Each structure stands twice: as C-alpha cells, then as structure tokens.
Amino acid sequence: MTMFHFFNCAILTFGPHAVYYSATPLSEYDTLGTSVKTAVVYLITALVKLVCLATFLKVSESDSFDPSQEVLKALIGFIDVAGLYFALTQLTHRNISQNHKFQAVGLGWAFADSVLHRLAPLWVGARGLEFTWDYILQGLEANANLMLSLSLAALGSLMWLRKNKPKTLIPIIYACAGIVATMPSITSYLRWGLKWHLPEVVGFQMLTSLTMALISWQLFAACQKPSSA
C-alpha cells in the first residue's frame, strides 16, 4: 500500500511533464535536448539562488512572516528570470520554431524544479505507513508550477525574442511576467502571512496558473498575427 501511494503521487507529480512532451509536437521535433540543457541551467540557477539566500537572509527562529525578508526573497527569486533569459536566448537550439522553443524551455525548467524540490520529500514521505494528502497536494502544486513555467517562458519569448509585437500589448506582457515571476512570494505570503492552509494555497496556485496560462496563450497568439503597421 505504501509503494502504491508513492507511485500514485510520483505519477501525479512527474507524469504531466511526460504527457505534455509526448502529446505535443515537441516529441516530433526532437526538442528533448533543449529541455535537458534548460534543466541544467535551472540547476545552476538554483545553486546561485541558494548561495544568495544563505548569504543575505537571516535565519528565522519562528515561522512568522517577515515582510523585509520576503521582499529580499522575491528579489533573489528574479535570478530565475535571468536563468530563463539565458536558456531562451543563449542556448543553442536546433532548427525549431519560437513556439516550440519556449515550450521545450518551460518544460525542462518545470521538470528540473519538480525533481529538485519534490523527489526527495516524495521518496521519504509518501512511502510512510500513514496515508497523508500532503504528497497529493504536492503533485497538484507541481502541475501548477508546470503551467506557470510554460507561461513565463512564453512571456519571456515575447519580451526577448519577438521584435515586432504590438506596442499596446507590451505593458500587459511585462505585467503578466512580473506576476508569474513573483508567484512564489505571493504564495509564501498567503501561507505564512495570512495563515492559509495548504489545500487553499494549492487551490489558489492551480487557479492562478490556469488563468496565467490562458492569458499567456492569448498574448502569444495575438503577437503571432501579422502587424497592421
């Protein structure tokens, strides 16, 4: 029963990444190499963030919400944006379209995040003798993160790679990218500042990630249309 629960949670956590890759044209265009290189960039970025957090953040003796520390965390979190910029603009990609490039980058980014932050807790905790919903919620959180990573990669692609986008959409693109980039700090505030329970936080993440994915898709589609200028 414990291994059955572990495999269920593991499939919920990592399965959507494999399904997305195989169900979209990414598999047809053999973009796996791009996703793997992006995952490596993510790991390097995570190491840089870890060093910055250990250097600049104070060790808190309680779980209370500290606004100044959370603002600092949010600023350090923008290192992710720099890593994503490097993955989108500096990595060598095969002859794939901009549409497939941002999807491959977002997928590799989200998968590396799930492996780094969720594999070990899942392996240790989900095999326990007592059933808990925490690891199912963790899997749902990974799905929300997948949508957010794809959204941020799409918005980054529009910001940094798309030159002839409509000027009226530029502020919206940057605003949406800012919201997605600060989502970890927003959820941290909900959990530790407002004392939301984990199911409420995960529900908020799922709703927000779906909303941002739809908005990003609409923005990307609008920017793909020929300019009337």
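Helices here are DSSP runs of H or I with at least four residues, strands are runs of E with at least two, and both are numbered from the N terminus. This is a predicted model: local features need pLDDT of at least 70, side-chain atom pairs count only at pLDDT 80 or more, and totals for chains, interfaces and linings use all residues. Residues are numbered from 1 along each chain as its sequence is written, and side-chain values use heavy atoms, with hydrogens and water left out.

Start with Leu-219. It sits in helix α9, residues 198–224. Is Leu-219 buried or exposed? Buried, because its relative accessible area is 7%. The classes are: buried under 20% relative accessible area, exposed over 50%, partly exposed in between, with a 1.4 Å probe and protein chains only.

What does Leu-219 contact, leaving aside neighbours within four places in sequence? Leu-155, Leu-158, Leu-169, Ile-172, Ile-173 and Cys-176. Contact means heavy atoms within 4.5 Å. Thr-208 is 11 residues from Leu-219 in sequence, and the C-alpha to C-alpha distance is 16 Å.

Now the core. A nonpolar core is a set of buried Ala, Val, Leu, Ile, Met, Phe, Trp, Tyr and Cys residues, joined through side-chain atoms within 4.5 Å. The largest one has 29 residues. Touching the most other members are Leu-84, Phe-102, Leu-155, Leu-158, Ile-173, Val-180 and Leu-219. At least two residues each come from α2 (32–56), α4 (79–89), α5, α6 (134–160), α7 (170–181) and α9. Helix α6 gives the most, with 7 residues. Apart from this core lies another, of 7 residues, including Tyr-21, Leu-107, Ala-110 and Leu-150.

Next, Leu-72, in helix α3, residues 67–77. Leu-72 counts as partly exposed because its relative accessibility is 25%. Not counting residues up to four places away in sequence, Leu-72 touches Phe-56 and Leu-57. Leu-137 is 65 residues from Leu-72 in sequence and 27 Å away, C-alpha to C-alpha.

Last, the surface. Met-3, Phe-7, Ile-11, Trp-123 and Val-124 make a nonpolar patch of about 530 Å². Patch residues have over 30% relative accessible area and no salt bridge; like charges are joined within 9 Å, nonpolar side chains (Val, Leu, Ile, Met, Phe, Trp, Tyr) within 5 Å. A salt bridge is a Lys or Arg side-chain nitrogen within 4 Å of an Asp or Glu carboxyl oxygen. Areas are Shrake-Rupley, 1.4 Å probe; for residues, only the protein chains shown count as cover.

Two or more patch residues come from each of α1 (2–23) and α5 (98–125). Helix α1 gives the most, with 3 residues. Met-3 lies in α1, and it counts as partly exposed because its relative accessibility is 34%.
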